[in-house]
Amino acid sequence: LDALAKRHSFADRLVTRVVRLAVQGDLLRAVEGEDWFDVILCARFLHRATLGELPRLLRPGSGLLLYHTFLEGNAHPTGEEHVLRSGELAALFRGECDILRDDEGAIEDGRRLTFFVARRRSIG
């Protein structure tokens, strides 16, 4: 990620965080005191306890959430804690975000994933 940021001349604005998520509120506490984020990227990861916190971290009016993870119906991973239901992200975030993309597709090994993009609405 750092190399990509340098190549496209935004390394000085790149902020990354590695945090341990266990319970609801952990994500908000991990970035407490930070400004809003322009982009949040989540790839092949699902932590249900903090999923609903993501829109509050995005810059109002322009912040983008890019989410890409496994859907139910695959041989692996399985279980509600590891996979999303079809349309689940749109249903969860439509109150705070404009849904720009909510697609589903299969990768090379046949597993189904969601390809989701949402922009946080302006406040007020």
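Which helices and strands each supply at least two residues of the lining of the largest pocket? They are helix 2 (26-30), strand 1, helix 3 (48-51), helix 4 (54-57) and strand 2. Helices (H or I, at least four residues) and strands (E, at least two) are DSSP runs, numbered from the N terminus.

Before the first selection, please note that this is a predicted model, in which local features need pLDDT of at least 70, side-chain atom pairs count only at pLDDT 80 or more, and totals for chains, interfaces and linings use all residues. Residues are numbered from 1 along each chain as its sequence is written, and side-chain values use heavy atoms, with hydrogens and water left out.

**The largest pocket**

Select V15, F37, V39, I40 and L41: of the 32 lining residues of the largest pocket, these are the closest to its centre. The volume of this pocket is about 1100 Å³. On a 1 Å grid over the protein atoms alone, a pocket is an open set of points with protein on both sides within 12 Å along at least five of seven lines, a cavity is a set of points where a 1.4 Å probe fits but cannot get out, and lining residues have an atom within 4 Å of a point. Grid points are joined across faces, edges and corners, and a volume is the space filled by probe spheres set on the points.

Strand 1 provides four residues, the largest share of this pocket's lining. By type, the lining holds 22 nonpolar, three polar and seven charged residues. Here Ala, Val, Leu, Ile, Met, Phe, Trp, Tyr, Cys and Pro count as nonpolar, Asp, Glu, Lys and Arg as charged, and the others, Gly among them, as polar.

**The sheet**

Select strand 1 (residues 39-43) next. Its covered face carries I40 and C42, while V39, L41 and A43 are on the uncovered one. Two strands pair if DSSP finds at least two bridges between them.

Move across the sheet in that order:

- Strand 1 and strand 2 (residues 64-70) run parallel and are joined by five bridges; C42 stands opposite Y67.
- Strand 2 and strand 4 (residues 112-120) run antiparallel and share seven bridges; L64 has R119 as its bridge partner.
- Strand 4 and strand 3 run antiparallel, with nine bridges between them; A106 stands opposite R112.

In the hairpin of strand 3 and strand 4, five residues lie between the strands, and G110 takes a positive phi near 95°.

**The nonpolar core**

Select L51, L54, L65, Y67, F93 and F116. Within the largest nonpolar core, which has 20 residues, these have the most contacts. Such a core is a set of buried Ala, Val, Leu, Ile, Met, Phe, Trp, Tyr and Cys residues joined through side-chain atoms within 4.5 Å; buried means under 20% relative accessible area, exposed over 50%, and partly exposed in between (1.4 Å probe, protein chains only).

**The cavity**

Select L71, L84, R85, G87, E88, L89, D102, E104 and T114, which line the largest cavity. About 30 Å³ of space lies inside this cavity. Helix 5 (88-93) and strand 3 are the elements that give two or more residues to its lining, which divides into three nonpolar, two polar and four charged residues.

**Backbone details**

Most residues other than glycine have a negative phi, and most peptide bonds are trans.

- S9, in the loop between helix 1 (2-7) and helix 2, has a positive phi near 60°. S9 counts as exposed because its relative accessible area is 59%.
- R44, in the loop between strand 1 and helix 3, has a positive phi of about 55°. With a relative accessible area of 43%, R44 is partly exposed.
- P77 lies in the loop between strand 2 and helix 5; the peptide bond from H76 to P77 is cis, with omega near -5°.
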